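Here is a short note for someone opening this entry for the first time. Please read the points with the structure in view.

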Amino acid sequence: MSKLFVSEHPLIQSKMALLRDERTGAKEFREIIGEVAMLLSYEATRELPLKEMTVQTPVDLAKCCVIDTKLAIVPILRAGIGMTEGLLRLMPTAKVGHIGLYRDPETLQPVEYYCKLPTDIAQRTVFLTDPMLATGGTAEAAIGFLKEKGVKRIIFLCILAAPDGVKKIQQAHSDVDIYAAAYDPKLNDHGYIVPGLGDAGDRIFGTK
Ligand code: URA
């Protein structure tokens, strides 16, 4: 069973209060999404593999450890883009790919309309981002697409998670851990997380 990590860090909780507040404007909202994503990526990178190496200090040799995997950040279009800069702050050498999906109105199946990934994506640990894990349909499909491309290790990062979305990922992809800044109890009839923070994409990009 994949792990669900929900942050209890005071910095993240205080920033979540600002994100939830309907009075927070797009500029501040975007900045805080980036800050929360950065803090969350600190937790989500905790279990990355390490390799030992020796470094010559000005005094003596020191045994050190460095991350032993190549990294990629893959935001799901469009709201996931809002988290990218925050993750890059802590993982500046990561490559960035993008995935866009829509649901076919007839088949209801997710269809990939945009996909640009690093050519060596299969060799990278992938941090897949989408601020709102609501029904989980998009996240489930995006994880499936990454696995089809040969990706072995995927970590899903969101700002807010809801039970339906968590359940969907855990059932379909039990090897994918989920990191969330907060966990809300339910969805409304429109698929919005309650109490949530509204439409993350519109609030990040100021489109409403
Ligand atoms: N997407 C959003 O932007 N907000 C929600 O509450 C659910 C999905």
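**Notes on helix packing, a hairpin and selected residues**

1. Start with helix α3: its buried residues pack against α2, β4 (70-75), β5 (95-96), β8 (124-129), β10 (153-161) and α6 (200-205). The model is a predicted one. Helix α3 itself covers residues 81-90, and its buried residues are Gly82, Met83, Thr84, Gly86, Leu87 and Leu88.

2. Two packed helices are described by the angle between their axes and the distance between the axes. For α2 and α3 the angle is about 45 degrees and the axes are 7 Å apart. The two helices are therefore oblique to each other, and the crossing of α2 and α3 is right-handed. On the α2 side the contact is made by Ile33, Gly34, Ala37, Met38, Ser41 and Tyr42, and on the α3 side by Gly82, Met83, Gly86, Leu87, Arg89 and Leu90. By class, the residues of this contact between α2 and α3 are seven nonpolar, four polar and one charged.

3. The crossing in which α1 passes α2 is left-handed. From α1 the contact takes in Leu11, Ile12, Lys15, Leu18 and Leu19; from α2 it takes in Glu28, Phe29, Ile32, Ile33, Glu35, Val36, Leu39 and Leu40. The contact of α1 with α2 holds ten nonpolar residues, no polar ones and three charged ones.

4. Gly137, Ala139, Glu140 and Ile143 of α4 meet Lys168, Ile169 and Ala172 of α5. The residues in the contact of α4 with α5 comprise four nonpolar, one polar and two charged.

5. Turning to strands, β2 (residues 50-56) pairs with β3 (residues 61-67) in the antiparallel sense, over seven bridges. The two strands form a hairpin, with four residues between them. As one point of reference in the pairing, Lys51 has Val66 of β3 as its bridge partner.

6. Arg20 and Leu197 are 177 residues apart in sequence, yet their C-alpha atoms are 4.4 Å apart in space. Arg20 counts as partly exposed because its relative accessibility is 28%.

7. Two cis peptide bonds deserve a look. Most peptide bonds are trans. The bond from Leu77 to Arg78 is cis, with omega near -5 degrees, and Arg78 is in the loop between β4 and α3. Another cis peptide bond joins Val194 and Pro195, with omega about 0 degrees.

8. Last, Asp175 sits in the loop between α5 and β11 (177-183). With a relative accessibility of 39%, Asp175 counts as partly exposed. Not counting residues up to four places away in sequence, Asp175 touches Ser2, Lys147, Lys152, Arg153 and Ile154. Glu47 is 128 residues from Asp175 in sequence, and the two are 14 Å apart in space, C-alpha to C-alpha.

Key:
Residues numbered from 1 in each chain as written. Predicted model: local features only at pLDDT ≥ 70, side-chain atom pairs only at ≥ 80, totals over all residues. Heavy atoms only, no water. Pairing = 2+ DSSP bridges. Left-handed = near helix turned anticlockwise from the far one by under 90°. Contact = heavy atoms within 4.5 Å. Nonpolar A, V, L, I, M, F, W, Y, C, P; charged D, E, K, R; others polar. Buried < 20%, exposed > 50% of the residue type's maximum accessible area, 1.4 Å probe, protein only. Axes fitted to C-alpha atoms, helices over the stretch in contact; angles between N-to-C directions. Parallel < 35°, antiparallel > 145°, perpendicular 65-115°, else oblique.
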